[in-house]
Amino acid sequence: MTDHLNVTVIDHPLVQHKLTLMRMEETGTKDFRELLEEISMLMAYEITRDLPLTDIQIKTPVSTCTSKTLDGKKMGLIPILRAGLGMVDGIVKLIPTIKIGHVGMYRDPATLKPIEYYCKLPTDVAERTLIVVDPMLATGGSAAAALSLLKAKGARHIIYLCLVSAPQGIKAINDMHPDIKIYTASVDERLNEHGYIVPGLGDAGDRLFGTL
Ligand code: PRP
Ligand code: URA
């Protein structure tokens, strides 16, 4: 992993290989969906490497011993609808007990401003470390609004995880939410005149759900 300010680029070869496949125009919905699930699991593996552990006494078939177990840290997974849904299953495979909240945001295509349309969260968000997931961080409007919403609901520990990001989106989160650590598989070049990430991978929600 490489670190710059609040951004960590997950440069694991498997993540980078799968991202290349996802970027390709000819990759269809089935493969795109499977790749997003796999890549999300790999990224979750990387971002959870510092979870606290505690020692417990166990009995193996051979003897007793002291062994490590997760320290019961409460976690929450918050996909930003729609495209964030594609990252849920891979992460749940690694952290099966994680609670899931949903935040619905879409970008107005004319203004590129985020519009909130849904929010349902675990009741105890304040006590949980939340992983907010969305494949695309473009202008940063959707992410910044979702993070503000979660904080207004009491969330205190939040990590933001995306697949592809633009420098503008990273700056927007850094400016509005300097306490939030961002994890991404790539920081791409720029946004185009329609607010799409270049080179990016196109419209993540449409490619995921086949609504192109
Ligand atoms: C996409 C993407 C992000 C947002 C990023 O969602 O999944 O949520 O755009 O753009 P931003 O950083 O400029 O806000 P979209 O609005 O296309 O909605 P969808 O997931 O329902 O397709
Ligand atoms: N949303 C997407 O799905 N893709 C982009 O490139 C930008 C915003």
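Trainee: Which residue in β8 is the bridge partner of Tyr106?
Mentor: Ile115. Keep in mind that this is a predicted model.

Trainee: How many bridges pair β7 with β8, and in which sense?
Mentor: Strand β7, residues 102-107, and strand β8, residues 114-120, are paired over 6 bridges in the antiparallel sense.

Trainee: What about the turn of that hairpin, which residue has a positive phi?
Mentor: Leu112, with a phi of about 65°. There are 6 residues between β7 and β8.

Trainee: Switching to helices. At what angle do α1 and α2 cross?
Mentor: Roughly 155°, with the axes of α1 (residues 13-23) and α2 (residues 29-47) coming within 10 Å. That angle makes α1 roughly antiparallel to α2.

Trainee: Left-handed or right-handed crossing?
Mentor: The crossing of α1 and α2 is left-handed.

Trainee: And which residues make the contact?
Mentor: From α1, Leu14, Val15, Lys18, Leu19, Leu21 and Met22; from α2, Phe32, Leu35, Leu36, Glu38, Ile39, Leu42 and Met43. By class, 11 of the residues in this contact are nonpolar, 2 are charged and none is polar.

Trainee: Next, β11. How many of its residues are buried?
Mentor: 4 of the 5 in β11, residues 157-161, so the strand is largely enclosed by the rest of the structure.

Trainee: Which strands is β11 joined to by bridges?
Mentor: Strand β9 (residues 129-133) runs parallel to β11 and is joined to it by 5 bridges. Strand β13 (residues 181-184) is also parallel to β11, with 3 bridges.

Trainee: Which residues stand opposite Ile131 and Leu161 there?
Mentor: Ile131 faces Ile159 of β11 across the pairing, and Leu161 stands opposite Tyr183 in β13.

Conventions
Residues are numbered from 1 along each chain as its sequence is written. Chains are lettered from A and ligands numbered from 1 in the order in which they are written. This is a predicted model: local features need pLDDT of at least 70, side-chain atom pairs count only at pLDDT 80 or more; totals for chains, interfaces and linings use all residues. Side-chain values use heavy atoms; hydrogens and water are left out. Axes are lines fitted to C-alpha atoms, for helices over the stretch in contact, and angles run from 0 to 180 degrees between N-to-C directions. Helices (H or I, at least four residues) and strands (E, at least two) are DSSP runs, numbered from the N terminus. Angles under 35 degrees count as roughly parallel, over 145 as roughly antiparallel, 65 to 115 as roughly perpendicular and the rest as oblique. A crossing is left-handed if the near helix is turned anticlockwise from the far one by less than a right angle, and right-handed if clockwise. Contact means heavy atoms within 4.5 Å. Ala, Val, Leu, Ile, Met, Phe, Trp, Tyr, Cys and Pro count as nonpolar, Asp, Glu, Lys and Arg as charged, and the others, Gly among them, as polar. Two strands pair if DSSP finds at least two bridges between them. Buried means under 20% relative accessible area, exposed over 50%, partly exposed in between (1.4 Å probe, protein chains only).
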